[in-house]
Amino acid sequence: MPIFKKRKIVLVLGGGSARGFANIGVLKVLEQERIPIDLIIGSSLGALTAALYSLGMPTYRMEEAAFKFTADKLTDLSISKYSLLKGKKLAKLIEILLDKKGFSDMRVPIAITTTDIETGEELVHTKGNLQKLVLASCSWPGIFPPVEIDGRKLVDGGIRNSIPVKMAKQLGATKTIAVDIGFCVKKGKIENLFQLFIQSIQILGEELDTYQSMQADVIIKPKLYNIDQLAFDKSTQTIRDGEDATKAAIPEIRKKLNLDFGLWKS
């Protein structure tokens, strides 16, 4: 039986604002099942989750942090021409959580995606100012201001790579596990411009997620019924949905990654 001497299993964490807390449940189960992960690539809240986990924060502490996320703790209205919010509260929260640590402190390597809003270029980062890059990857344009890094105006990585499987392969992945957080397309009557705009984003995002996740070897898709991007008060349920979806996917993960047969050798 052949032995493959090189292996690079990459976990791909999608964004989704409050829905992104499901990533915590995913990591919790993968850790319990001792699924080896050689690199984590994250977009938007997936980038923050990847950073915290790779810096060694236990999943139970990540759950505690999720409980503290509320809309009011992120809301600081702005009169800027770039955004509705100043983004200072989000930046401060990320600063506290990351505790001035950087890429060199990671126990598992990570990569973070951002988008250059002026050129449309998709970017992936494995070094640099971790706090600013996570902030940029979480900054949905129009809601939060762009983050200027090296002369570029960077925003949410999810605009181009909501589930960055393609970027994972560019980083040398031999196998990929993608977490498809998805969007919250609601069925119901549209009664105003705001609802029309939000529903349009949900439909477009859901289609993009489906397309990008198809490129992965294994897809973990939490159900997250009726949990939208602002449902910070439902973090307990969101995390549990992530756990349930991952538990259901474990047999497929072991089979497709050949983890039961000792084929891979680090």
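Met 62 counts as buried because its relative accessibility is 2%; buried here means under 20% relative accessible area, exposed means over 50%, and partly exposed is in between (1.4 Å probe, protein chains only). You'll find Met 62 in helix α3, residues 59–68. Helices (H or I, at least four residues) and strands (E, at least two) are DSSP runs, numbered from the N terminus. This is a predicted model, in which local features need pLDDT of at least 70 and side-chain atom pairs count only at pLDDT 80 or more, while totals for chains, interfaces and linings use all residues. Residues are numbered from 1 along each chain as its sequence is written, and side-chain values use heavy atoms, with hydrogens and water left out.

Leaving out neighbours within four places in sequence, Met 62 is in contact with Ile 24, Leu 27, Thr 49, Leu 52, Tyr 53 and Met 57. Contact means heavy atoms within 4.5 Å.

## Helices α1 and α2

Now for a helix pair. The axes of α1 and helix α2 (residues 45–54) are 10 Å apart, and the two pack at an angle of about 35°. Axes here are lines fitted to C-alpha atoms, for helices over the stretch in contact, and angles run from 0 to 180 degrees between N-to-C directions. The crossing of α1 past α2 is right-handed. That handedness is assigned if the near helix is turned clockwise from the far one by less than a right angle, and left-handed if anticlockwise.

On the α1 side, the residues that meet α2 are Asn 23, Ile 24, Leu 27 and Glu 31, and their partners in α2 are Gly 46, Thr 49 and Tyr 53. Sorted by class, this contact has three nonpolar, three polar and one charged residues. In that scheme Ala, Val, Leu, Ile, Met, Phe, Trp, Tyr, Cys and Pro are nonpolar, Asp, Glu, Lys and Arg are charged, and the others, Gly among them, are polar.

## Rings

Tyr 53 has Arg 107 over its face, at 4.7 Å from the ring centre. For a charge to sit over a ring, NZ of Lys or CZ of Arg must be within 6 Å of the ring centre and within 35 degrees of the ring normal.

Rings of Phe, Tyr and Trp (its six-membered ring) pair if their centres lie within 6.5 Å; planes under 30 degrees apart are stacked, over 60 edge-to-face, and the rest tilted. That rule gives one aromatic pair. It is edge-to-face, made by Phe 21 and Phe 232, at 6.2 Å centre to centre with 65° between the planes. The pair links distant parts of the chain, 211 residues apart: Phe 21 is in the loop between β1 (9–13) and α1 (22–32), and Phe 232 is in the loop between β8 (218–220) and α9 (235–256). Both Phe 21 and Phe 232 are buried.

Val 10 is in strand β1 and counts as buried, since its relative accessibility is 0%. Not counting residues up to four places away in sequence, Val 10 touches Leu 39, Ile 41, Ala 168, Ala 173, Lys 175, Thr 176 and Ile 177.

Gly 157 is in the loop between β6 (152–156) and α7 (165–170), and at a relative accessible area of 1% it is buried too. With residues up to four places away left out, Gly 157 touches Ser 43, Thr 113, Thr 114, Thr 115, Ser 137 and Ser 162.

## Loops and positive phi

Most residues other than glycine have a negative phi. Ser 17, though, has a positive phi near 50°. Ser 17 is in the loop between β1 and α1 and is partly exposed, with a relative accessible area of 29%. Arg 34 also isn't a glycine, and its phi is positive at about 55°. Arg 34 lies in the loop between α1 and β2 (39–43) and counts as exposed because its relative accessibility is 74%.

Lys 81 is in the loop between α4 (71–74) and α5 (88–98), and it is exposed, with a relative accessible area of 76%.
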